Amino acid sequence: MRQQKLTPLLLHWHRHHNERIMPWKGEKDPYKIWLSEIILQQTRVEQGWAYYERFLKQYPGLPDLAHATDEAVFKLWEGLGYYSRCKNLLRTARFVLQEYGGQFPADYTALLGMKGIGPYTAAAIASFAFQLPYAVVDGNVFRVLARVFGIDTPTDSTKGKKIFTQLAQEVLCKQHPDLFNQAIMDLGATVCKPILPLCRSCPLQPICKAHHEGTVYQLPVKEKILLKKKRRFYYFLLEQNGKVWIHKRTRKDIWENLYELFLVESAEEIEWTEKQVQQWLHEQWGVKDYTLLQVSGKETQQLTHQQISGRLIHVQFKKALPALQQYETIALAQLAEKPFPKFIHQLMKNAGIW
C-alpha cells in the first residue's frame, strides 16, 4: 500500500510544488548530465553550480573537452579539490569520443564501466538522458526511504546499501524514471531534510511510517554515528494536561533501554529561539496553540568516547497532540520513576522540573 501511494504523491508534488532550481535540472543531454554529476561528487550544489557553467562555456560539447589539454582542464577545475575526478573526467571524455564517436551509450552497464562513473552517476545518466528505469540512490534518497518505510538498518552497512538500493528500484516509476529520480532527490534536499525536516509540507507525510511513529529524528541510522566525538541532543518536554511523551531507547547506541523525551539530534548547534520553536512545531504537527515555558541553558556531559551537549525545551499544549506509536504518555509527576540517563536528569534538575 505504501509503495503504491508513494509514486503519485511524489510526482504530484514534483509537478506542482517543487521549486528547487538548478541549471542541469530537466537536462536531457548526457554530456551535461555527466559533467554536473562528476562536479557534484564531493561538492555542494552552491559551489558546483559556477564550475558547471564555466565548464560548459569553455567546453560546450564532449569533443571540446576531449580535445583540451590536461593543463587547461585542471586549471579550470582548480579549487574543486579531489583532482582524481578531473583526471577521470578527461579519460572518460576521450574514451567516449574514441569508442562511441562522442556520444554516451544508452546502456547502463556500459556507462558503469567508464572511469569515474559509479552506480549513482550511471543511473542518473541512464534515467535522465535515456529514460531507462534505473533508480538513483544518494543520501537524500536513503533518508526519504528510511523515514517513509521506517527502516532502521544502517544505510552505510553492506546490508543497508543492498536493502535501500533494491527498495529504490522497486518504488521507481518505470514510465517516468527521470521525473521520479529528480523528485525524490529534491524532496530529500528541500523537505525531508536531515535537520528540522518540513514534515507538514511533505507530500509523503500521510504514508510516512517514521512520522506516525515519532522516529523521524532517529532515521536514517548510520553505523558511523558512534564514531562522532560530539553530539547535540535537544530534548522536548511536550506536556498536555499534565502528561508528557517518553519512549525507551532500543537501538544499539548510548543509553540503550533507558527512557528519554522527544529528541531532536543535530550535527550542528540549533538556537531554539521562540520563533524557531514556533516554526518547528508548525512544521512538525501544524501546532499553533501552545505555550513555550522555557528553553534551558546548555548542558554538557562527557562520556568515554563522546561529548553530549544540548538543551531542554518545555512546551505546554492545550489540545492533544497526535499519537505516536513508539511513545507513551505519563504523568509529569511520575517522570522521576522511570530510568533516564544522567544527561536528562541534569537537564530536568537544572530546568527546575525536578
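These legends describe close-up views of a predicted model.

**View 1. The largest pocket and the residues at its centre.** The largest pocket has a volume of about 1200 Å³. Its lining comprises 41 residues. Closest to the pocket centre are Glu37, Tyr120, Asp138, Asn140 and Met185.

**View 2. Helices that line the largest pocket.** At least two lining residues come from each of helix 2 (30-40), helix 3 (45-58), helix 8 (119-130), helix 9 (139-149), helix 10 (158-171) and helix 11 (177-190). By residue class, the lining holds 18 nonpolar, 13 polar and 10 charged residues.

**View 3. Helix 11 and its cover.** Helix 11 has 14 residues. From first C-alpha to last, helix 11 reaches 20 Å, close to the 20 Å expected at 1.5 Å a residue. Helix 11 is mostly covered, with 11 of its 14 residues buried. Among the buried residues are Pro177, Phe180, Ile184 and Leu187. Asp178 and Asp186 of helix 11 are buried too.

View 4. The structure holds 0 disulfides. Cysteine 173 is in no disulfide. Its nearest cysteine sulfur belongs to cysteine 202, 18 Å away. Cysteine 173 has a relative accessible area of 7% and is therefore buried, the cut-off being under 20%. Cysteine 86 is also buried, with a relative accessible area of 0%.

How values were computed:
Residues numbered from 1 in each chain as written. Predicted model: local features only at pLDDT ≥ 70, side-chain atom pairs only at ≥ 80, totals over all residues. Heavy atoms only, no water. 1 Å grid on protein atoms, 1.4 Å probe; cavity = no way out; pocket = protein on both sides within 12 Å on 5 of 7 lines; lining within 4 Å. Points joined across faces, edges and corners; volume = space filled by probe spheres on them. Helix = DSSP H or I, 4+ residues; strand = E, 2+ residues; numbered from the N terminus. Nonpolar A, V, L, I, M, F, W, Y, C, P; charged D, E, K, R; others polar. Disulfide = S-S within 2.5 Å. Buried < 20%, exposed > 50% of the residue type's maximum accessible area, 1.4 Å probe, protein only. Expected span 1.5 Å × (residues − 1).
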